[in-house]
Amino acid sequence: MRARALVEESREAVVVLDDQDRVVLASRRARQTVEGIREGARAPAALLTGGLGVVPLVVPYEVDGRTERLVYLSREGDLAAYEELRAGFTAAVSHELRTPLARLLTLLETAALPGEDVLGLVEQAQREVEQITELIDEILFLSELESGARVVALGPTAVRPVLEEALAELRERAERAGVELRLECEPDLTVRVRPRMLRVIALNLAENAIRYAGSGAAFTLSVTRAPDGSIVLSGRDNGIGVEEAELPRLFERFYRSDRARASRGTGLGLAIVKHVVTQAGGHVEARGGRGEGLEIRCAFPG
Ligand SMILES: Nc1ncnc2c1ncn2[C@@H]1O[C@H](COP(=O)(O)OP(=O)(O)OP(=O)(O)O)[C@@H](O)[C@H]1O
Ligand SMILES: [Mg+2]
């Protein structure tokens, strides 16, 4: 009885499951957080697998010879990621915003001097503001993801049409950069990721190839079903690549290789890709080396 009250009145989202995955007890918070939790009924399957944007912490124990499990549910992003977000991210954001803002201020100060090319300076100032806006959009999108916004689709998404459309949007820019875009994907492949999120991944990988691979390079977006049933989305190019030692760092927020510093970009693209993929229960990996092109592999559970 005391245990029941403890669980039910807990401010945490807590569920007790029996050995058949049926809900024995659930706190009010858990019922509010996750749909489909009812005492005596089977717990939603995604509850224990980390789907639903919820990270479960499972504590098994024995009672009267039966195994029960105490499951603590936290929204993804509530835990370590949130702490990290608060500490490191805020500092990095301020730093990244300060640079274009400082340039903007210099441009405005120069424009106020007599005899300056005001029109030209205003144009440059506009570009700085565009870059700031882009940065803020990316930061907002990233924090939306971190707070557990839904990445996983309820039903399966047909992959090919989404990727086709994303690449079509970039075709002109790719031509200007001298980078060829290719797509290799069976028409009937599906994945449980929202179309918008799939699009974000495709656009980020292709944009990177257009920006960094170098003229004459080819970028191939391919999607295949691995023998274990997982779906692997790979974006690879045969361009300049990065040093092997840099590969694991590419997914860090604001990380840009020295070579990229001259170009526009904030270093958030691949961090966003990683978040989308991990929230869908998958993982990312970078392969390649200097002069060997770059491949970003995203594996999704089948
Ligand atoms: N295809 C590629 N070839 C070579 N280097 C790459 C490639 N893709 C990414 N990089 C390197 O990885 C860094 C991080 O990429 P990421 O997409 O995260 O950020 P960004 O492109 O610099 O900025 P953003 O995507 O936020 O506009 C890039 O700055 C670049 O140095
Ligand atoms: Mg990028």
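Arg 182 is in contact with Ala 218, Phe 219 and Thr 220, neighbours within four places in sequence being left aside. Contact here requires C-beta atoms, placed from the backbone, within 7 Å of each other. Arg 182 belongs to strand β6, residues 180-185. Arg 182 counts as exposed because it has 12 C-beta neighbours inside 10 Å. Arg 236 lies 54 residues from Arg 182 along the chain, and their C-alpha atoms are separated by 9.9 Å.

The model is predicted: local features need pLDDT of at least 70, side-chain atom pairs count only at pLDDT 80 or more, and totals for chains, interfaces and linings use all residues. Residues are numbered from 1 along each chain as its sequence is written, while chains are lettered from A and ligands numbered from 1 in the order in which they are written.

The secondary structure of the chain comes to 8 helices and 11 strands. These elements are DSSP runs numbered from the N terminus, with helices (H or I) of at least four residues and strands (E) of at least two. Of the 302 residues in the chain, 30% are buried. Among contacts between residues at least 6 apart in sequence, 57% join residues at least 24 apart.

Strand pairing was examined next. Two strands pair if DSSP finds at least two bridges between them. β6 and β8 run parallel and are joined by 6 bridges. Within this pair, Glu 180 has Ala 218 of β8 as its bridge partner. β8 and β9 run antiparallel, with 7 bridges. Here Arg 225 is bridged to Ile 231 in β9. The hairpin of β8 and β9 has 5 residues between the strands, and Gly 229 takes a positive phi near 95 degrees. A hairpin is also formed by β10 and β11, with 5 residues between them. In its turn, Gly 291 has a positive phi of about 85 degrees. β10, residues 283-288, pairs with β11 in the antiparallel sense over 6 bridges. The bridge partner of His 283 in β11 is Ala 299.

The largest nonpolar core has 44 residues. Such a core is a set of buried Ala, Val, Leu, Ile, Met, Phe, Trp, Tyr and Cys residues joined through C-beta atoms within 7 Å. Ile 201, Ala 206, Ala 209, Val 273 and Val 276 have the most contacts inside this core. The elements giving two or more residues to it are α6 (159-177), α7, β8 (218-225), β9 (231-237), α8 and β11 (294-300). α7 supplies the largest share, 11 residues. Beyond its neighbours within four places in sequence, Ile 201 is in contact with Leu 233, Val 273, Val 276 and Cys 298. Another core, of 15 residues, lies apart from the largest one and has Val 16, Leu 17, Leu 25 and Ala 43 among its members. In soluble globular proteins, nonpolar side chains tend to be buried together.

The 19 residues of α7 should span 27 Å at 1.5 Å a residue, and its end C-alpha atoms are 26 Å apart, which agrees. The expected span is 1.5 Å times one less than the number of residues. Gly 214 follows α7 and has a positive phi, near 100 degrees. α8 is mostly covered, with 10 of its 11 residues buried. Among them are Lys 274, His 275 and Gln 279. Just after α8, Gly 281 takes a positive phi of about 90 degrees.

Ligand 1 has 24 residues around it. A residue is near a molecule if its C-beta atom, placed from the backbone, lies within 6 Å of it. Asn 208, Arg 256, Ala 260, Gly 265 and Gly 269 come nearest. α7 (195-213) and α8 (269-279) are the elements that give two or more residues to this shell. α7 gives the most, 5 residues. By class, the shell has 12 nonpolar, 9 polar and 3 charged residues. Nonpolar covers Ala, Val, Leu, Ile, Met, Phe, Trp, Tyr, Cys and Pro; charged covers Asp, Glu, Lys and Arg; the others, Gly among them, are polar.

Gly 265 sits in the loop between β9 and α8. Gly 265 is partly exposed, since 18 other C-beta atoms lie within 10 Å. Arg 211, Arg 256 and Ala 260 touch Gly 265, not counting residues up to four places away in sequence. Asn 208 is 57 residues from Gly 265 along the chain, and their C-alpha atoms are separated by 9.4 Å.

Conventions: A residue is buried if 20 or more other C-beta atoms lie within 10 Å of its own, exposed if 12 or fewer, and partly exposed in between; C-beta atoms are placed from the backbone. Two residues are in contact if their C-beta atoms, placed from the backbone, lie within 7 Å.
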